[in-house]
Amino acid sequence: MSKKEKKELLKDEWPSYPHGEKKFIESVKKAAKLGLFEVDHLNLSTTHS
Amino acid sequence: MIEKSDILLDSCIINHLLSKDKKLSKQAAELIEALAKNHNRLSISQFTLYEIFRGQNDSQRKKAEKELENFIVIDHTQLRQQRATALFSAYKKVRDIKQRMDSISDCDIFIGSLIFTERKPLLLTCDFHDFPRPFFREVDITKIENKSGKKEICYFFQADLETFLEG
């Protein structure tokens with residue numbers, strides 16, 4: 001792939017908060033209280049030992 | 001503290017947020033909230049949803065999905081797939097990275113490739129080795145602590161666009 005083609009790949013815009021920043025922060029606080037997963041749910045320590 | 005940036009939260013950060021370790025989840029939430037209040041725009045990858053939800057029962061998944069509905073999710077488009085493919089090829093040209101490609105998952109490559117954009121967003125991760133040099137540069141760090149008092153370093157990475165373009 002040429003440098004020019006790669007440069008085209010960098011033109012990418014990300015979306016905005018679907019329901020606003022306030023709702024996002026509220027959800028972060030609620031998510032922290034769910035207590036769903038074991039500390040190593042993603043099995044990071046075995047994948048990258 | 002980082003401000004006015006687009007920040008992609010890696011799966012490990014969401015894992016900590018949803019952790020049974022209350023201290024860890026609280027600290028992850030406080031970090032995310034502080035970043036949001038500092039005028040950063042925070043996102044997650046569609047692959048993070050996959051990593052988080054796989055292996056969970058319906059009840060757990062639905063609870064998490066309900067809250068994650070308010071997160072920005074960067075989905076899987078053709079452009080992003082092409083960029084991830086290009087990053088994979090660039091990794092394989094660097095001997096030190098090629099030798100340890102089996103420890104870097106496809107999800108890590110895809111998530112990492114998302115920050116290779118003209119706007120130069122940041123990636124917040126606890127997994128230093130999943131995002132190799134010289135493609136990723138550390139611009140800041142912070143720490144969060146679990147209930148045992150063990151501190152975990154969280155890295156803010158920026159993509160080195162020149163390395164990607166030349167690779």
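Helices (H or I, at least four residues) and strands (E, at least two) are DSSP runs, numbered from the N terminus. By this rule, chain B holds eight helices and six strands, and their order along the sequence is β-α-α-β-α-α-β-α-α-α-β-β-β-α.

This is a predicted model, in which local features need pLDDT of at least 70, side-chain atom pairs count only at pLDDT 80 or more, and totals for chains, interfaces and linings use all residues. Residues are numbered from 1 along each chain as its sequence is written, while chains are lettered from A and ligands numbered from 1 in the order in which they are written. The predictor assigns the complex the scores tabulated here.

| Score | Value |
|---|---|
| ipTM | 0.91 |
| pTM | 0.93 |

The pLDDT (the predictor's confidence in each residue, from 0 to 100) averages 95 in chain B, where 100% of the residues score at least 70.

The C-alpha trace of chain B spans about 45 × 35 × 30 Å along its principal axes.

In chain B, 45 residues are in contact (C-beta atoms, placed from the backbone, within 7 Å) with 35 residues of chain A. To this side of chain B, α2(B) gives the most, with nine residues.

N146(B) lies in the loop between β5 (136-145) and β6 (151-159) of chain B. Its C-alpha is 4.5 Å from that of L24(B), although 122 residues separate N146(B) and L24(B) in sequence. Among contacts in chain B between residues at least 6 apart in sequence, 72% join residues at least 24 apart.

Note on methods
Contact = placed C-beta atoms within 7 Å.
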